Amino acid sequence: MTAPTRTLDAPGLACIDLTPLIASTMRDLRPGDVLEVRTDDPAARVGVPAWCRLTGNPLTDTIADTTHPDDNTAFHITKKENAT
Amino acid sequence: MTTTDMTAPPALLIQGTHGADDAEKATLPFIVGNVSATADQDTVVFLTSEAVRLATRGYADDITFADHPPAGKVLAEFVTNGGRVWACGACTGPRGITAEDLVEGAAIVTAANLTEALVGGAATVAF
């Protein structure tokens with residue numbers, strides 16, 4: 001597992017705010033950097049992978065908190081190489 | 001994704017039909033549009049009927065549903081992220097709305113622009 005370059009701790013955020021915040025945070029990273037997104041939104045487990053597929057930024061790891069299987073998840077998103 | 005030509009046919013066209021008469025339906029097109037724009041999709045929010053008022057300066061600022069951010073705030077973020085707002089010309093005219101009244105990132109368009117977008121294969125969803 002690649003160590004994250006930056007961590008985005010986003011408790012309480014849902015789809016209205018979460019993926020736009022991921023997008024704005026990714027803009028500040030360099031290609032190949034890894035953003036760790038920590039969320040407690042259960043729907044993020046399907047929403048964040050969809051955002052990664054749309055933008056072409058690889059979802060390199062999904063880490064579910066087994067003590068809270070319906071809630072906490074950490075995603076590792078690698079910034080794509082040809083990002084502008 | 002940013003398109004400099006305001007009337008270029010988009011990949012995704014999200015229609016809104018409500019203004020202050022339905023705060024939830026007024027806000028949803030911009031919430032979905034903002035997520036789409038931040039996912040690098042060329043997106044237009046197409047406003048018709050009472051929704052065209054959302055494209056005028058200040059109108060959407062105080063329209064809030066539940067714990068959602070105000071429609072005006074989401075609209076501004078949508079535009080900042082490269083989204084475009086189309087206001088139906090057949091709906092702005094009877095309401096006395098002109099191009100000078102519009103927020104940044106919005107334009108008055110015609111049925112021909114909508115037709116061009118649809119014929120070009122734009123995916124659509126309406127609220």
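Two residues are taken to be in contact if their C-beta atoms, placed from the backbone, lie within 7 Å. In this predicted model, V85(B) is by that criterion in contact with V45(B), L47(B), A55(B), L75(B), V79(B), G105(B) and A106(B), its neighbours within four places in sequence being left aside. V85(B) is also named, together with L47(B), L54(B), L75(B) and A87(B), among the residues of the largest nonpolar core that touch the most other members, the core having 48 residues. The largest share of this core, seven residues, is supplied by helix 1 of chain B.

The secondary structure of chain B consists of four helices and five strands, and these elements follow one another from the N terminus in the order β-α-β-α-β-α-β-α-β. The C-alpha trace of chain B spans about 35 × 35 × 25 Å along its principal axes, and 44% of the 127 residues in the chain are buried. Among the contacts in chain B with a separation of 6 or more, 73% are between residues 24 or more positions apart.

The five strands of chain B are arranged as an open sheet in the order 4-3-2-1-5, with parallel pairing. Strand 4 (106-109) and strand 5 (123-126) of chain B stand at the edges, and because each has a single partner strand, one side of each is left without a neighbour in the sheet. From one strand to the next the twist averages 25 degrees. Strand 3 (residues 84-88) of chain B is paired with strand 4 of chain B in the parallel sense over four bridges, and W86(B) has A107(B), in strand 4 of chain B, as its bridge partner. Helix 1 of chain B lies across strand 1 (12-16) and strand 2 of chain B, and runs at about 165 degrees to strand 1 of chain B.

Several loop residues of chain B may be described individually. I63(B) is placed in the loop between strand 2 and helix 2 of chain B, and it counts as buried because 24 other C-beta atoms lie within 10 Å, the cut-off for a buried residue being 20 or more. Apart from residues up to four places away in sequence, I63(B) touches A20(B), A23(B), A26(B), T27(B), P70(B), A71(B) and G72(B). Between I63(B) and E104(B), which are 41 residues apart in sequence, the C-alpha to C-alpha distance is 18 Å.

Most residues other than glycine have a negative phi. Against this background, D40(B), a residue other than glycine, has a positive phi near 65 degrees; D40(B) is located in the loop between helix 1 and strand 2 (43-47) of chain B and, with 17 C-beta neighbours inside 10 Å, counts as partly exposed. A positive phi, near 50 degrees, is likewise found for S49(B), which lies in the loop between strand 2 and helix 2 of chain B and is partly exposed, with 16 other C-beta atoms within 10 Å.

In chain A, four strands form an open sheet in the order 1-2-4-3, and the pairing is mixed. Strand 1 and strand 3 (59-64) of chain A are the edge strands, each of which pairs on one side only. Neighbouring strands of the sheet are turned against each other by 15 degrees on average, direction ignored. Strand 3 of chain A runs antiparallel to strand 4 (residues 73-78) of chain A and is joined to it by five bridges, and L59(A) stands opposite I77(A) in strand 4 of chain A. Helix 2 of chain A packs on the sheet, where it touches strand 2, strand 3 and strand 4 of chain A, and its direction makes about 5 degrees with that of strand 4 of chain A.

The two chains meet through eight residues of chain A, which are in contact with ten residues of chain B. Helix 1 and helix 2 of chain A each supply at least two residues of the side of chain A that touches chain B, and this side has six nonpolar, two polar and no charged residues. In helix 1 (residues 18-27) of chain A, the buried residues are L18(A), T19(A), P20(A), I22(A) and M26(A). These buried residues pack against strand 1 (6-9), strand 2 (34-39) and helix 2 (44-55) of chain A, and also against helix 1 (23-37) and helix 2 (71-80) of chain B.

Notes: Residues numbered from 1 in each chain as written. Chains lettered and ligands numbered in written order. Predicted model: local features only at pLDDT ≥ 70, side-chain atom pairs only at ≥ 80, totals over all residues. Buried ≥ 20, exposed ≤ 12 C-beta atoms within 10 Å, placed from the backbone. Nonpolar A, V, L, I, M, F, W, Y, C, P; charged D, E, K, R; others polar. Pairing = 2+ DSSP bridges. Axes fitted to C-alpha atoms, helices over the stretch in contact; angles between N-to-C directions. Core = buried A, V, L, I, M, F, W, Y, C linked by C-beta atoms within 7 Å.
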